[in-house]
Amino acid sequence: MPPAATPQTAPDTFGFVFDNSYARDLEGFYVEWQGAAAPEPEILRFNDSLARELGLNPDALNTPEGAAILAGAVAPAGAAPLAMAYAGHQFGGFSPQLGDGRALLLGEVIDRNGNRRDIHLKGSGRTPFSRGGDGKAVLGPVLREYLMGEAMYALGIPTTRALAATATGANVMRDGGPQPGAVLARVAASHLRVGTFQFFAARGETDNLRRLLDYAVARHAPELAHAPDAAPDVQMYVPMAYIRHTVNLQAKLVAQWMSVGFVHGVMNTDNMALSGETIDYGPCAFMDAYDPATVFSSIDRQGRYAYENQTGIARWNLARLAETLLDFISPDEEEAIRLASAEIDAFGAVYEAEWLALMRAKLGLTTAEDGDFALAHNLLKSMEGQGADFTNSFRALADILQGDSGALRAQFTNPDDARDWQNDWQSRLARDPIDPEKRAAAMNRVNPIYIPRNHLVEAALDAATKGNMAPFDALLAVLMDPFTKRDGLDAYAAPAPDSFGNYRTFCGT
Ligand code: AMP
Ligand code: MG
């Protein structure tokens, strides 16, 4: 039974100009819904520059009236709040019905750059998709998603972003007892996921799948909507091209994650966004010491989503997407599988090319040689087991060029083990003659010095849940400019002290 209509605000006050294509074009793919009442909504952090980018009015929205909207309790004029249907493979097991169990799509706006963006509220109460859950989110994980998403944005990695973190004023029961409830207002190029396709495929709803494909193409790859005259088979062109497009986006995204030591932690198919943005910052974290087997999530006991498995998992998820489109590729199932598999198999080459390009930049190379892949790979190999901090080892390379010849070795437990690699690298640089200062500057623009260090993230969230936002604000400010070394920020560039121990993260519901 849907709740009564959401109270709506007067038009225009907040600057929302909604154009709700998902609600309009995909009836039957969602349930119209409204957020739960919030007793005392209070905006804790508001993303002013993102609000402006969306064409919103920060002065009107960052107010008590705006807080009621951002908590989901009141819908702004023109919004069409809805809970989206989706399915998903979670840790390899298929759930035919997940859906927005604690979130609502408030609506879509066209931003200042002409891009369509979803405004979505996470933690806004129960929906018909909630199953056993309470539909709520708590403050710590909401602020964590805010911080991690902004950090990724500043690193230049495609991501959803936080518009606001709003306390609801109600407590939510979690394992450890009552915790302050909060809602994250999240902005994304869309909330279509691999799991959205899986939802309709699992139900055998071919017509709806086709509508979804057409919608996804129009929204994320409009250039594919019409087969070129040269296409050998017009019928199969769009689904094949869409798979190829998505394979490209994901291969490039995961290469970027790998290049900064990011572990997403819960790469279920419902958490793979078709926009190519990083989405759902539950148990994610950046590694300190390089170890390809790194896993942070407490529920990922098999290490399915370990750092080194992320490429294989992305490819596996894309195969699940391709499976949903087989009927559109060819009436002959074997032929369809053969064609779709070829698209999925392209993942490896796209990923490798992207990874190599990123690594060349990180190593300061402006030219390409066949041996560069091995050079990059050998650096990582030599770091393994040495306690070498991922971020600081790459950052050290430019320091070497600037006269600190031992900077990389200082990262190694056995500094001599770094010497061979450093010699190989410097011989390679000799064949890539550019001004060392220019090279170092270019390297420092791609090798961050400040990443969200786990111990600092935890300390900031801990203080925030006790009412002190200062450490969160300080950390966020540092992370918004991750490439420029500033005085007085050494503590933000240091790995966790040994006393911090093995880091474990939680899905944060
Ligand atoms: P996530 O782990 O956030 O990607 O969510 C996976 C699925 O569980 C989605 O269908 C969510 O809507 C649902 N879910 C997660 N937490 C809750 C909650 N507290 N209440 C209701 N549904 C939830
Ligand atoms: Mg999710």
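Reader: Are Tyr-22 and Tyr-215 buried or exposed?

Author: A residue is called buried under 20% relative accessible area, exposed over 50%, and partly exposed in between, using a 1.4 Å probe and protein chains only. Tyr-22 is buried, and Tyr-215 is buried too. This is a predicted model, in which local features need pLDDT of at least 70 and side-chain atom pairs count only at pLDDT 80 or more, while totals for chains, interfaces and linings use all residues. Residues are numbered from 1 along each chain as its sequence is written, chains are lettered from A and ligands numbered from 1 in the order in which they are written, and side-chain values use heavy atoms, with hydrogens and water left out.

Reader: How many aromatic pairs does the structure hold?

Author: Rings of Phe, Tyr and Trp (its six-membered ring) pair if their centres lie within 6.5 Å; planes under 30 degrees apart count as stacked, over 60 as edge-to-face and the rest as tilted. The structure holds 20 such pairs. One of them joins Tyr-22 and Tyr-215: the ring centres are 5.8 Å apart and the planes stand at 85 degrees, so this pair is edge-to-face. The pair links distant parts of the chain, with Tyr-22 in helix 1 (residues 21-25) and Tyr-215 in helix 7 (residues 206-220), 193 residues apart. Helices (H or I, at least four residues) and strands (E, at least two) are DSSP runs, numbered from the N terminus.

Reader: Which helix holds Phe-390 and Phe-394?

Author: Both lie in helix 13 (residues 390-401), four residues apart, about one turn of the helix. Phe-390 and Phe-394 are both buried. Ring pairs also link Trp-257, Phe-262, Tyr-281 and Phe-286 into a cluster.

Reader: What does Ser-259 touch, beyond residues up to four places away in sequence?

Author: Contact means heavy atoms within 4.5 Å. Ser-259 touches Leu-358, Met-359, Lys-362 and Phe-390. Ser-259 belongs to helix 8 (residues 234-260) and counts as buried, at 7% relative accessibility.

Reader: Where is Asp-100 found?

Author: Asp-100 sits in the loop between strand 5 (93-95) and strand 6 (103-110). With a relative accessible area of 2%, Asp-100 is buried. Leaving aside neighbours within four places in sequence, its contacts include Leu-82, Met-84, His-120, Thr-127 and Arg-193. Thr-127 is 27 residues from Asp-100 in sequence, and 7.1 Å from it in space, C-alpha to C-alpha.

Reader: How far is the backbone nitrogen of Met-84 from a polar atom of the Asp-100 side chain?

Author: A polar contact is a pair of N or O atoms within 3.5 Å; within protein, one must be able to donate a hydrogen and the other to accept it, and residues adjacent in sequence count only if both atoms are side-chain atoms. Here the distance is 2.8 Å.

Reader: Which polar backbone atoms lie 2.7 Å and 2.8 Å from ligand 1?

Author: An oxygen atom of ligand 1 is 2.7 Å from a polar backbone atom of Gly-101, and a nitrogen atom of ligand 1 is 2.8 Å from one of Gly-135. A polar side-chain atom of Asn-271 lies 3.1 Å from an oxygen atom of ligand 1.
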